[in-house]
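Open your viewer and get ready to pick residues one stop after another. Here comes the model for our tour.

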Amino acid sequence: MKILIINCGSSSLKYQLIEMDYIKVICKGLVERIGLDASTLAHEDSRGYKQNIKAKIENHKDAINIVLNTLVDDDIGVIKNLNEIFAVGHRVVHGGEKYSESVVIDEEVLNHLEEYIKLAPIHNPPNIIGIRACRVLMKDTPMVAVFDTAFHQTMPEVAYIYPIEYDLYEKYKIRKYGFHGTSHKYVSQKLSEILCRDIKELKIVSCHLGNGASITAIKNGKSIDTSMGFTPLAGIAMGTRSGNIDPSISTFLIEECGYTVEEANESLNKKSGVLGISGVSSDFRDIEKAASEGNKRAQLALDIFHYRIRGQIAAYAAQMGGVDAIIFTAGIGENSIKTRKACLEGLEFLGVEIDNNRNNIRGKISEISSYNSKVKVYVIPTNEELMIAKETLEVSNISCF
């Protein structure tokens, strides 16, 4: 069975077509600059054939249309017709409190997603546009929403309720939601397979470290806490996001520094984090290079990043009553040897011992802890698309009966 994965951004669309019978990516691609000049589709199939298509792509419906046409194209297509696609899985950032698992999309679901736009104003609108476009172009094909927030709906109240006026939670649903759930779920399940242990027996700290980063405590296969909060701004310092800071800084920026609300929001989301500290870049490769050349602010940015991650790992070990394994995933987690080592330094009291030779790897599944380490440490490349495909297949099969 073939599952099409759609991930719509504000001006982009990523996709994969996966054959689930033997888990093979048939093709994948990226549409960029939707609604802008010089729109392009970069398409690649399993044979390694690549195609760059320039076209006028005014909206997400146009983008999905060109993707579907490419899939069935006589020359570069990978399927004969769209009927070969069993279902479409859509990555949806925010499912609010209502959705703790993936669901088949109908008008009721879409109405709920519209309501959650206020919780994810940047991400949910393009997700919804992509879903509506697919429903028009593929009327008889099941559509499934897979939510970034769903995995974290198992958090207990003590983890997700903020210590603010309780009425604000009841009326506006201001609470911790968490994100990157699809990634955390995938790598924790993958670790369970690697260790040949039931995930219900494991205490795991999963570190999704990319330009956006989050740490999650996973106990007995369930998320019990995570670093991101009401929005993806919360948690550890990130590429351009501040992470956790004194909330009064926002008011200070507005009242004392003359920022507008929009400018304060932009500062904390797009000009802070390691970019704001280093003044160099939000790309950790650039910052590491600058630090190696003696740039003290670049080194400080890295130190703060590592410090926050190390503290969060230790905090979650305490909340779970111990930790069996730590996972590093996503762009930085999978590829930065220095970051992994620095994040674990000082955690020896938990029984964490890294092996420098084992840690000298990038982008592949590998244990990087020493043979004597009481806590297993693994690098596990994330595969959110495959997780979405699995959930889409499962939900679609259930809905057919």
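Helices here are DSSP runs of H or I with at least four residues, numbered from the N terminus. Before we start, note that this is a predicted model, where local features need pLDDT of at least 70, side-chain atom pairs count only at pLDDT 80 or more, and totals for chains, interfaces and linings use all residues. Residues are numbered from 1 along each chain as its sequence is written, and side-chain values use heavy atoms, with hydrogens and water left out.

**Stop one: His60.** Select His60, which lies in helix H1 (residues 60-71). At 6% relative accessibility, His60 is buried (under 20% relative accessible area, with exposed meaning over 50% and partly exposed in between; 1.4 Å probe, protein chains only). Now show its contacts (heavy atoms within 4.5 Å): beyond its neighbours within four places in sequence, His60 meets Cys8, Gly9, Ser10, Ser12, Ile34, Pro126, Ile129 and Ala133.

**Stop two: Val261.** Next, pick Val261 in helix H8 (residues 261-270). Is Val261 buried or exposed? Val261 is exposed, as its relative accessible area is 55%.

**Stop three: Ala298.** Move on to helix H11 (residues 296-320), where you will find Ala298. Its relative accessible area is 0%, so Ala298 is buried. Setting aside residues up to four places away in sequence, Ala298 touches Ser278, Val280, Ile287, Ala290 and Ala291. To finish, draw a C-alpha to C-alpha distance from Ala298 to Asp246: the two are 23 Å apart in space and 52 residues apart in sequence.

Definitions and conventions: Helices (H or I, at least four residues) and strands (E, at least two) are DSSP runs, numbered from the N terminus.
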